[in-house]
Amino acid sequence: MEKEITLQKIKELGLLAVIRGPSAELTLQTVDALIKGGVLGIEITLSTPDAFSVANKLNTQYGDAIVLGMGTLTDSEHVTEAKKAGAKFLVSPIFDETLSKVMVDSGLVTMIGALTPSEVFKAYRMGSDVIKIFPGRLGGPDYIKDLKGPFPYIPMMPTGGVDLTNMVEWFAAGVIAVGAGSNLCPKKLIIEGKFSEITEIAGHFVEAVKKARQL
């Protein structure tokens, strides 16, 4: 039941912050800033230093107030550690049958990465709850429209290339949510400690998602 609740929350939020923090401490501060701006879907990628420890701290501090996940999973062991750290959803940028099976068997919401129609279908057939279309910027919203032709029933979420200028187009194409990284929390602002600016950007993204869904 918890998996269904998590998936529903992700759909309701419509936005996941994909965070590749330069350090553990700066990542925690970045997440604080995003939450203040209303971004409650948080994906800590494994390219973040001490990623599992960061996720564990966030889970302890925020609990069910946020939807916490871990991304850039490329090995089966990552699944076990992510679950221990408190992740409620798992994301991989790739489609690998062995990894995909372990992710699905975890009982957590699973987002397997795919790009081609064959990958999208295989990932869905493996049991992925949402297909992470990556890199999203490669085809843009029009590519999602093309994929939705033969696969209208497959939930999709683009990551890469999502910004304030194209939010309407993504949702009009039929995605259930979007993943935003550097456009939502620019690395330059993180390093310079300008977290109030990140909070402001976060607010704009949340509002953009709401408006896109109203059209």
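This is a predicted model: local features need pLDDT of at least 70, side-chain atom pairs count only at pLDDT 80 or more; totals for chains, interfaces and linings use all residues.
**Aromatic cluster.** I started with the rings and found Phe121, Tyr124, Phe151 and Tyr153 linked into a cluster by ring pairs. For Phe, Tyr and Trp (its six-membered ring), a pair needs centres within 6.5 Å; planes under 30 degrees apart count as stacked, over 60 as edge-to-face and the rest as tilted. My search of the whole structure turned up three aromatic pairs.

Numbering runs from 1 along each chain as its sequence is written, and side-chain values use heavy atoms, leaving out hydrogens and water.

**The pairs.** How are phenylalanine 121 and phenylalanine 151 arranged? Their ring centres are 5.9 Å apart with the planes at 20°, so I logged them as stacked. Phenylalanine 121 sits in helix H6 (residues 117-126) and phenylalanine 151 in the loop between H7 and S7, so this pair ties together parts 30 residues apart in sequence. Helices here are DSSP runs (H or I, at least four residues), as are strands (E, at least two), numbered from the N terminus. Next came phenylalanine 151 with tyrosine 153: centres 6.5 Å apart and planes at 85°, so that pair is edge-to-face.

**Buried or exposed?** I use buried for under 20% relative accessible area, exposed for over 50%, and partly exposed in between (1.4 Å probe, protein chains only). Phenylalanine 151 is buried at 10%, phenylalanine 121 is partly exposed at 30%, and tyrosine 153 is partly exposed at 45%. I found tyrosine 153 in the loop between helix H7 (136-148) and strand S7 (156-158).

**Core.** I then looked up the largest nonpolar core, which has 62 residues. Such a core is a set of buried Ala, Val, Leu, Ile, Met, Phe, Trp, Tyr and Cys residues joined through side-chain atoms within 4.5 Å. Leu34, Val39, Ile42, Ile44, Val120, Met167 and Leu184 have the most contacts inside it. Helix H10 (residues 195-214) gives this core its largest share, nine residues. A second, separate core has twelve residues, including Phe89, Met111, Val130 and Met157.

**Leucine 34.** What does leucine 34 touch, not counting residues up to four places away in sequence? I listed Ala17, Ile19, Val39, Ile42, Leu184, Cys185, Ile198 and Ala202, where contact means heavy atoms within 4.5 Å.
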